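Here is a report on how the parts of this assembly meet.

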There are 2 protein chains.
Amino acid sequence: MMAAEVESSVTPGEEMNGSGNLMDFLDEPFPDVGTYEDFHTIDWLREKSRDTDRHRKITSKSKESIWEFVKSLLDAWSGWVVMLLIGLLSGTLAGVIDLAVDWMTDLKEGVCLSAFWYSHEQCCWTSNETTFDNRDKCPQWQTWSELMTGHTRATALLCFFSYQGTGAYLLNYFLYIIWALFFSFLAVSLVRVFAPYACGSGIPEIKTILSGFIIRGYLGKWTLLIKTVTLVLAVSSGLSLGKEGPLVHVACCCGNLFCSLFSKYSKNEGKRREVLSAAAAAGVSVAFGAPIGGVLFSLEEVSYYFPLKTLWRSFFAALVAAFTLRSINPFGNSRLVLFYVEYHTPWYMAELVPFILLGVFGGLWGTLFIRGNIAWCRRRKTTQLGKYPVFEVIVVTGITAILAFPNPYTRRSTSELISELFNDCGALESSQLCDYVNDPNMTRPLDDIPDRPAGPGVYTALWQLALALVFKIIITIFTFGMKIPSGLFIPSMAVGAIAGRIVGIAVEQMAYHHHDWIIFKNWCRPGADCVTPGLYAMVGAAACLGGVTRMTVSLVVIMFELTGGLEYIVPLMAAAVTSKWVADAFGKEGIYESHIQLNGYPFLDVKDEFTHRTLATDVMRPRRGDPPLAVLTQDSTTVEDVEALIKETDYNGFPVVVSRESERLIGFVQRRDLTLAIKNARQKQDGVVSNSVVYFTEDVPQLQVSNPQPLKLRRILNLSPFTVTDHTPMETVVDIFRKLGLRQCLVTRSGRLLGIITKKDVLRHMAQMMNQDPESIMFN
Amino acid sequence: MMAAEVESSVTPGEEMNGSGNLMDFLDEPFPDVGTYEDFHTIDWLREKSRDTDRHRKITSKSKESIWEFVKSLLDAWSGWVVMLLIGLLSGTLAGVIDLAVDWMTDLKEGVCLSAFWYSHEQCCWTSNETTFDNRDKCPQWQTWSELMTGHTRATALLCFFSYQGTGAYLLNYFLYIIWALFFSFLAVSLVRVFAPYACGSGIPEIKTILSGFIIRGYLGKWTLLIKTVTLVLAVSSGLSLGKEGPLVHVACCCGNLFCSLFSKYSKNEGKRREVLSAAAAAGVSVAFGAPIGGVLFSLEEVSYYFPLKTLWRSFFAALVAAFTLRSINPFGNSRLVLFYVEYHTPWYMAELVPFILLGVFGGLWGTLFIRGNIAWCRRRKTTQLGKYPVFEVIVVTGITAILAFPNPYTRRSTSELISELFNDCGALESSQLCDYVNDPNMTRPLDDIPDRPAGPGVYTALWQLALALVFKIIITIFTFGMKIPSGLFIPSMAVGAIAGRIVGIAVEQMAYHHHDWIIFKNWCRPGADCVTPGLYAMVGAAACLGGVTRMTVSLVVIMFELTGGLEYIVPLMAAAVTSKWVADAFGKEGIYESHIQLNGYPFLDVKDEFTHRTLATDVMRPRRGDPPLAVLTQDSTTVEDVEALIKETDYNGFPVVVSRESERLIGFVQRRDLTLAIKNARQKQDGVVSNSVVYFTEDVPQLQVSNPQPLKLRRILNLSPFTVTDHTPMETVVDIFRKLGLRQCLVTRSGRLLGIITKKDVLRHMAQMMNQDPESIMFN
């Protein structure tokens with residue numbers, strides 16, 4: 001019995017309505033039906049059902065001919081093809097960016113005489129005269145001052161400075177600042193002129209877009225191009241910013257670019273977002289060389305709708321991207337990871353105390369950074385400051401360059417700094433940080449060096465690091481959010497790594513000098529290698545990154561992939577948990593959510609729990625005292641009435657009811673579709689005039705000839721609008737909006753239409769319940 | 001304006017209804033209200049809203065006194081405490097199981113004279129007489145035949161066998177079989193007598209439970225105890241099964257056990273399932289020593305509702321479990337991972353061809369296994385066979401033992417076998433598989449051995465492995481699903497590892513003998529170590545496991561954590577993808593989904609896509625021609641009528657309408673709550689008799705004295721039932737059921753109630769659309 005019924009209903013016919021008719025409608029040459037306006041929210045259910053319709057059509061067509069079958073196969077495989085392309089392009093771009101940044105960062109200090117396109121490291125590698133002891137110095141690489149003393153023309157300039165050594169130093173200093181200003185000026189100008197969306201880290205906007213918001217051009221080709229170029233400039237200028245966040249944006253632009261190759265993705269905003277989620281994973285994958293961490297980052301931090309199929313595809317894209325990057329080999333060490341470390345000693349339980357303290361520091365830093373940065377960005381938004389972005393960038397670059405050059409730890413690029421801080425001191429290490437007093441009788445193998453007393457170099461390094469820490473903390477707050485591409489993973493990690501290394505050296509020296517103390521007695525005999533300061537730097541970096549972004553699992557996995565140390569998961573996790581708890585105690589939102597809120601995007605966070613006792617009736621419009629809800633009736637509204645309604649209101653859609661008296665809901669019609677349909681009918685359909693009656697019913701009654709021809713609009717009517725009763729608790733409504741990705745929801749009582757709740761209403765209500773300004777939610 | 005309204009509605013009062021009144025009702029001493037019956041589905045939205053109510057209450061109380069504040073803190077921390085306890089207990093249990101299995105497996109062959117509770121390995125480790133060359137042989141360890149020849153009493157038995165060597169072999173063979181039969185008999189008897197739910201792998205049932213189904217006792221204390229004991233017995237008996245799946249079940253039992261400590265989890269089925277998801281992650285974590293893989297397994301394969309908070313907690317539980325296991329150190333090597341391998345050579349692009357072939361093999365094996373196993377299990381269910389589980393286990397154990405003993409690769413435990421197959425042949429390796437012809441002039445370091453020609457030992461090993469492969473393939477099909485604890489990760493991996501190793505040796509020898517062939521020329525010079533057969537075994541294992549379970553990301557991550565080889569992700573992934581595609585081509589369902597279907601559990605798979613064009617009206621009840629929907633009216637039904645309705649029907653709930661004429665829906669009432677409320681009222685409330693009118697309205701009209709006292713039941717009425725219109729496409733309905741975890745949904749048209757769709761209706765409709773028997777869905 002059931003089978004017969006099902007079959008009869010499968011037959012496509014007049015009976016088939018719901019979203020089915022949306023597709024029939026789309027087949028007609030109506031431009032733009034089913035698309036969304038800029039700065040509006042998409043309807044996930046509608047997108048999903050459009051994709052199912054498309055898929056159904058392809059499947060049924062595929063049985064008709066071999067060509068159609070091949071086409072259906074191509075369609076099924078297009079997802080994988082897009083992933084492959086994203087992986088290849090984002091891996092390539094990341095490699096190019098890495099190489100370019102390397103070269104341009106060194107360009108600030110000097111130039112390679114044998115080939116000007118070589119970075120310092122490459123220059124000395126290719127030189128025959130490089131000795132093992134002094135890998136950084138080779139005759140081919142000349143600083144600007146060295147180069148200039150060779151030329152007579154520059155002598156005049158040098159005469160300006162009295163003593164030759166100071167002169168060279170000051171000249172290098174001066175040129176360093178000039179290059180930095182030049183790079184950052186170029187970056188901010190390019191952004192301003194060609195692609196205003198290329199600024200910032202992009203992650204807040206990508207989160208919003210993935211949650212179903214439309215920002216046209218944000219992931220466009222121009223943004224891709226300009227962001228790639230300006231990212232190189234911004235990083236090379238020595239500002240306190242990283243390339244990791246912007247790389248996610250670049251990867252998402254690649255994703256969007258390749259979406260346009262396949263109508264499956266370009267014409268469906270829901271499917272497009274699946275691709276973008278995977279692209280975000282590829283972005284993190286190349287930023288850190290961490291494919292698994294990238295997938296988890298996309299899942300935990302960025303994505304909104306993440307079905308299992310996307311998980312698998314993201315993993316594929318992330319892997320392809322990571323391998324493309326490895327083939328380019330920008331770090332010259334064939335490693336996939338950015339900071340490869342190898343520690344020789346395990347950690348001890350007692351060390352958890354300093355690790356947890358680093359976690360506390362990370363949480364405090366996160367809070368300070370978020371509060372400070374948001375306050376500064378709000379000031380930029382609301383005062384005159386925002387009108388001079390180029391000036392702001394120039395000033396901040398100038399201050400950064402002036403303060404950074406004298407300190408060796410801030411002069412170099414931040415990722416080099418982190419790399420050095422993470423490293424364990426080997427016997428051959430020439431760094432100042434490894435200037436320990438060696439025991440001359442030592443005959444141990446090279447990789448098992450016991451704890452030693454610190455030499456003068458370490459003490460010098462310590463106070464330089466302390467200065468660098470204060471400098472980084474302050475300048476990063478002002479840098480993030482300027483009108484240039486800027487990520488905050490690397491600066492946050494640098495802050496944590498500096499703090500961690502300082503703590504690590506302190507613990508190490510304490511353990512060396514006081515190994516008879518009870519706490520050290522158990523695990524630190526004299527002559528043993530018991531404390532690894534590099535590990536402390538790693539833990540500190542994780543804590544600070546966690547405090548700012550509030551990532552959890554993905555943070556630990558990224559750190560573990562970054563360094564290859566499966567054994568250090570527990571210290572990393574202890575620090576990450578502490579940091580998150582401490583930071584959460586001061587405010588639930590991470591930096592990305594704070595920026596989303598600052599910009600007023602309609603983002604319904606999956607993590608926020610709504611626990612208030614309000615009901616749907618408290619949130620719906622119209623409120624008590626408001627004019628009644630704007631509705632259409634199924635068979636008594638004229639074209640004129642509809643046009644008047646569209647003109648007078650700015651709602652995105654209108655409920656259709658049986659009659660104004662019964663208020664029984666039969667469907668919902670989108671404003672955009674209604675406008676297009678009426679415009680189309682007026683142009684093409686004879687007899688449709690202003691006083692034609694609009695019919696949303698299945699059958700139109702026989703009318704007298706004197707009456708104008710009716711306009712049948714059932715086809716654009718959504719017959720399955722989402723409804724809740726007025727007594728539904730708001731927590732359920734929020735849950736439904738979140739999980740089903742609704743745009744709006746109608747409220748009924750005993751079958752009568754009472755009102756409507758839109759996503760904007762939900763967000764405003766949530767803001768109000770959290771004592772925030774509901775007017776900060778600006779878009780719908 | 002809005003703020004005032006919101007505040008007024010926050011005040012708890014008669015206005016507050018929705019789910020709020022459910023809690024008020026629960027405060028009254030009504031036993032069991034809000035609980036579910038066995039073999040029924042839970043309502044996720046209701047559970048969630050109950051938890052929010054509870055949370056709200058605690059928050060508001062916490063401001064009253066310090067004691068309440070401490071209690072609220074404890075409540076907030078209870079989730080972490082439960083995770084810690086789960087990690088500790090499941091890690092400990094896994095360690096104990098590992099140790100016991102080790103000892104009992106060796107007990108089948110012999111005994112340690114110095115301490116009978118030592119396994120073979122431990123026995124020889126503690127012995128001083130063990131030499132490095134022959135670590136397996138020491139005087140303290142005696143096989144049963146050696147032991148018996150020492151005792152005069154056994155001489156009579158030995159006389160039975162003519163030649164001493166053969167006699168000892170046959171005696172060992174005989175005792176091996178006897179021990180195996182004894183262990184398996186004990187296991188199946190314990191399961192049958194004490195805990196019938198302790199059989200199988202448990203993963204299909206856990207998936208079903210996590211999706212919101214109630215199976216009382218499945219995760220109980222008895223199941224935990226018996227499963228732990230019988231798992232040891234079953235694995236030790238030498239049957240072709242693993243302990244990984246059952247360990248997940250054991251960990252979930254631990255989770256359930258600790259849930260009962262906190263009312264937050266024990267009284268809320270939704271929250272309980274969050275804990276169980278994390279417990280499943282801890283189970284996989286200890287099964288393989290793969291914490292990240294465990295979390296991804298729980299996310300991808302097992303869980304249904306997996307909020308981000310659970311992700312983080314799962315990770316914590318998985319890590320605690322893994323570290324507890326490491327402290328117990330059952331493998332004696334301080335490694336977290338089961339099969340630690342270290343390969344010295346990279347893989348080459350050309351090797352992807354055999355890897356993909358292994359993927360195809362894995363897919364075919366998966367299909368064969370699932371079809372064969374399901375056919376056999378169906379036969380067991382439907383024929384007389386199912387009535388003799390003990391007999392079946394004894395027969396299969398007997399056959400396994402008889403066939404396994406003569407072959408050295410099947411005699412040992414399966415995990416040892418896999419470990420040997422994964423290993424690269426070092427210079428000191430004494431295994432038969434590493435019997436290569438060495439170049440006597442070789443002066444290379446030990447870890448860089450070039451490809452060598454295979455010696456006779458390798459060829460013997462090859463045909464023994466081939467026999468073992470056939471044996472494992474056949475016997476595993478019959479073993480999985482018997483009434484003892486049995487996992488299939490290890491047997492599947494063994495099949496793949498054997499096939500992979502055979503292919504690996506073949507490729508290696510081909511490359512050695514034909515290194516002038518074009519394909520080998522590029523990457524395999526003579527005297528180089530270019531092919532690692534152990535890697536092929538690893539890839540084969542991943543392919544076969546993927547074919548059976550259809551895991552993707554979690555599979556790759558588990559394999560990568562299992563072996564510690566970040567560099568081999570691409571080969572693993574290539575094999576896993578191929579295997580999944582091949583297997584999916586023959587049938588979309590993995591082994592767990594197939595078993596769920598076989599058992600008729602109401603499981604709405606997240607992975608299945610519903611693409612048919614049916615509408616809600618095609619699925620809802622009543623159908624055309626059926627009697628009308630059983631409804632209650634808000635103010636005209638008597639107690640008698642309600643009782644009659646409950647008696648006559650077996651629906652789980654009834655819609656409440658304004659009147660039978662208007663059919664306008666006002667709410668939904670659960671059958672269980674209705675029964676309890678009427679029973680309670682009849683007992684405690686004076687004047688409620690059979691012809692009392694039941695009121696679901698807010699106000700009860702003033703009645704004449706002659707009328708019996710009315711029964712007010714608005715408090716048990718759910719005022720926000722979920723509704724869809726009759727034109728809603730079924731794909732949307734399926735999506736809503738899945739994402740919101742509904743039990744039932746009401747269908748309306750223009751505000752009039754038309755019918756109801758339950759989860760069972762949805763599942764039956766889906767089964768029918770996939771041409772399966774809809775009657776196979778048995779529970780609601």
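## Chain contact and domain contact

The contact takes in 64 residues of chain B and 63 residues of chain A; two residues are in contact if their C-beta atoms, placed from the backbone, lie within 7 Å. The model is predicted: local features need pLDDT of at least 70, side-chain atom pairs count only at pLDDT 80 or more, and totals for chains, interfaces and linings use all residues. Residues are numbered from 1 along each chain as its sequence is written, while chains are lettered from A and ligands numbered from 1 in the order in which they are written.

Ala, Val, Leu, Ile, Met, Phe, Trp, Tyr, Cys and Pro count as nonpolar, Asp, Glu, Lys and Arg as charged, and the others, Gly among them, as polar.

| Side | Residues by class |
|---|---|
| Chain B, touching chain A | 29 nonpolar, 22 polar, 13 charged residues |
| Domain 1 of chain A, touching domain 2 of chain A | 23 nonpolar, 12 polar, 7 charged residues |

A rotation of 180° with 0.0 Å of shift along its axis superposes chain B on chain A, at RMSD 0.1 Å. In chain B, the C-alpha of B:Gly751 is nearest the axis, 1.9 Å from it. Of the interface residues of chain B, 98% are also interface residues in chain A, so the copies meet through the same surface.

Chain A is assigned domain 1 (77-328), domain 2 (349-425 + 447-595) and domain 3 (616-776). These bounds come from an automatic or database domain assignment. In chain A, 42 residues of domain 1 are in contact with 40 residues of domain 2.

Conventions
Least-squares fit on C-alpha atoms with pLDDT ≥ 70 in both.
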